[in-house]
Amino acid sequence: MTTLAGLPATPLPPFVTYQDQQLMVEGVSLAALAREHGTPLFVYSRAAMLQALAAYQRGLAGRRHLICYAMKANSSLAILQALVAAGCGLDIVSGGELERALAVGVDPAKVIFSGVGKTRAEMRQALSVGIGCFNVESRAELDVLDEVARGMGLRAPVSIRVNPNVDAQTHPYISTGLKGNKFGIAHEDVLSTYQHAAACVGLRVVGIDCHIGSQITQTGPYLDAMDRVLDLVEQIETAGVPIEHIDFGGGLGIDYQGDNPPEADVLWRALLQRLDARGFGDRQICIEPGRSLVGNAGVCLTEVLYLKPGEQKNFLIVDAAMNDLPRPAMYQAFHRIVPVAPRASEDTPTWDVVGPVCESGDWIGRDRALAVQAGDLLAVLSAGAYCMSMASNYNTRGRAAEVLVDGAHAHLIRARESLADQTRLERLL
């Protein structure tokens with residue numbers, strides 16, 4: 001029987017639909033965007049991002065809270081602008097991200113500076129604009145921040161990131177809450193570190209921070225981490241160091257391959273029940289979601305260049321590559337791949353979808369059933385997080401253009417990178 005091949009077996013991401021056998025993001029045709037802007041091309045749904053944010057806002061309604069988008073997931077200015085306009089603060093991990101945050105008009109008091117390797121220059125930069133908090137990750141960092149702040153005649157607001165030794169049950173490269181990870185202060189050293197911070201003239205202790213990993217799809221690890229953090233808060237405050245806010249990080253997963261993570265409001269209902277039961281319901285809550293706000297909002301469009309059937313493998317070569325979509329090469333990550341205009345076919349071969357980069361690790365998807373011909377367009381789904389922000393110029397490939405869709409309107413938010421853009425800072429001898 002002839003069928004439309006390559007249609008997803010699981011639901012499409014929010015605001016991605018087929019209409020008249022053409023894939024759309026909100027009210028805009030992806031084929032039309034590819035014709036106008038070329039491929040590879042990232043397309044984002046503003047409505048999908050705001051819908052994801054709204055779930056967090058519902059879950060924390062009525063509580064003192066601060067939602068800071070973890071901009072490392074996707075730091076494109078227009079995306080930051082949309083989320084800040086909707087009420088988000090921003091979680092940064094570098095001086096460059098701070099510059100991007102300020103460029104979109106965020107209130108510096110709603111900026112949290114995370115990361116294990118802040119430099120003195122970055123500390124001075126953040127102190128000078130008055131950010132809300134530094135999430136400090138080591139005793140050595142505390143001492144350097146104290147020195148820098150005293151030199152500026154300031155006191156740096158600090159929250160110490162604790163490592164609760166909780167298994168987030170995710171990929172080892174994105175697990176951050178185990179003893180073997182580089183992040184945070186070991187559970188048994190937290191109390192003495194807080195006492196040290198409280199004695200530093202250039203520091204002002206304001207909170208405690210915990211982030212156990214990324215792409216977490218179960219509630220259990222969050223509850224375990226919360227219990228361990230609250231145990232520490234009790235110890236720290238008993239020792240005379242007050243804690244104003246509790247920061248539970250981010251890490252909530254999205255649906256890449258039929259994953260079933262809890263909705264953000266459902267997750268926070270469970271976490272707040274535990275918080276109330278432990279007697280900490282009056283504290284300000286800070287969180288730093290990243291992937292769960294933008295991941296499912298993005299699609300990467302790519303054109304089929306060649307079909308290369310083989311004895312052991314069939315290869316479908318597209319114009320997107322590991323420099324555009326690094327997650328499969330880095331994490332063996334799965335992205336659904338669907339046709340922009342499905343073909344009617346009785347034969348649906350299985351392909352490894354690969355890019356032009358000169359590496360065997362340059363693959364986008366393995367063993368995908370697709371009825372395609374050269375020149376067809378494919379959509380790599382759930383590509384809004386950790387794709388464009390991690391893109392590179394490997395093989396002297398220009399980074400893709402980006403489009404933000406808002407209803408029936410499409411806005412070019414990043415032009416395609418040219419060779420002149422890539423070589424602008426280079427010099428011949």
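Let's start with Glu97, a residue of helix H4, which spans residues 95–103. Keep in mind that this is a predicted model. Glu97 is buried but takes part in no salt bridge, while elsewhere the count of salt bridges comes to 20.

- The nearest side chain of opposite charge to Glu97 belongs to Lys72, and it is 7.1 Å away.
- Glu97 does have a polar neighbour in the backbone: a polar atom of its side chain lies 2.9 Å from the backbone nitrogen of Val93.
- Leaving aside residues up to four places away in sequence, Glu97 touches Met71, Lys72, Asp91 and Ile92.

**Backbone features to look at**

- Between Thr39 and Pro40 you will find a cis peptide bond, with omega near -5°. Pro40 sits in the loop that runs between helix H1 (30–37) and strand S5 (41–45).
- Gln21 is not a glycine, yet its phi is positive, at about 60°. Look for Gln21 in the loop between strand S2 (16–19) and strand S3 (22–25). With a relative accessibility of 40%, Gln21 counts as partly exposed.
- Asp367 also has a positive phi without being a glycine, in this case about 55°. Asp367 belongs to strand S20, made up of residues 363–369.

- Side chains of opposite charge can pair when their charged atoms come close.
- Glu237 and Arg283 meet through their side chains in a salt bridge, with 2.9 Å from N to O. Glu237 is part of helix H8 (residues 220–238) and Arg283 is in the loop between helix H9 (264–277) and strand S14 (284–287), so this pair ties together parts that are 46 residues apart in sequence.
- Asp255 and Arg336 form a salt bridge whose closest N and O atoms are 4.0 Å apart. Asp255 lies in the loop between strand S13 (245–247) and H9, and Arg336 in the loop between helix H11 (327–331) and strand S17 (337–339), so the two tie together parts 81 residues apart in sequence. Arg336 counts as buried because its relative accessibility is 8%.
- Glu402 and Arg414 form a salt bridge too, the closest N and O atoms being 2.6 Å apart. This pair links distant parts of the chain, with Glu402 in strand S22 (residues 401–406) and Arg414 in strand S23 (residues 409–414), twelve residues apart. Glu402 is at 0% relative accessibility and so counts as buried, while Arg414, at 22%, counts as partly exposed.

**A network of charges**

- Salt bridges also join into a network, whose members are Asp227, Asp231, Glu234, Arg274 and Arg278.

Note on methods: Residues are numbered from 1 along each chain as its sequence is written. This is a predicted model: local features need pLDDT of at least 70, side-chain atom pairs count only at pLDDT 80 or more; totals for chains, interfaces and linings use all residues. Side-chain values use heavy atoms; hydrogens and water are left out. Helices (H or I, at least four residues) and strands (E, at least two) are DSSP runs, numbered from the N terminus. Buried means under 20% relative accessible area, exposed over 50%, partly exposed in between (1.4 Å probe, protein chains only). Lys and Arg count as positive and Asp and Glu as negative; His and the chain ends are not counted. A polar contact is a pair of N or O atoms within 3.5 Å; within protein, one must be able to donate a hydrogen and the other to accept it, and residues adjacent in sequence count only if both atoms are side-chain atoms. Contact means heavy atoms within 4.5 Å.
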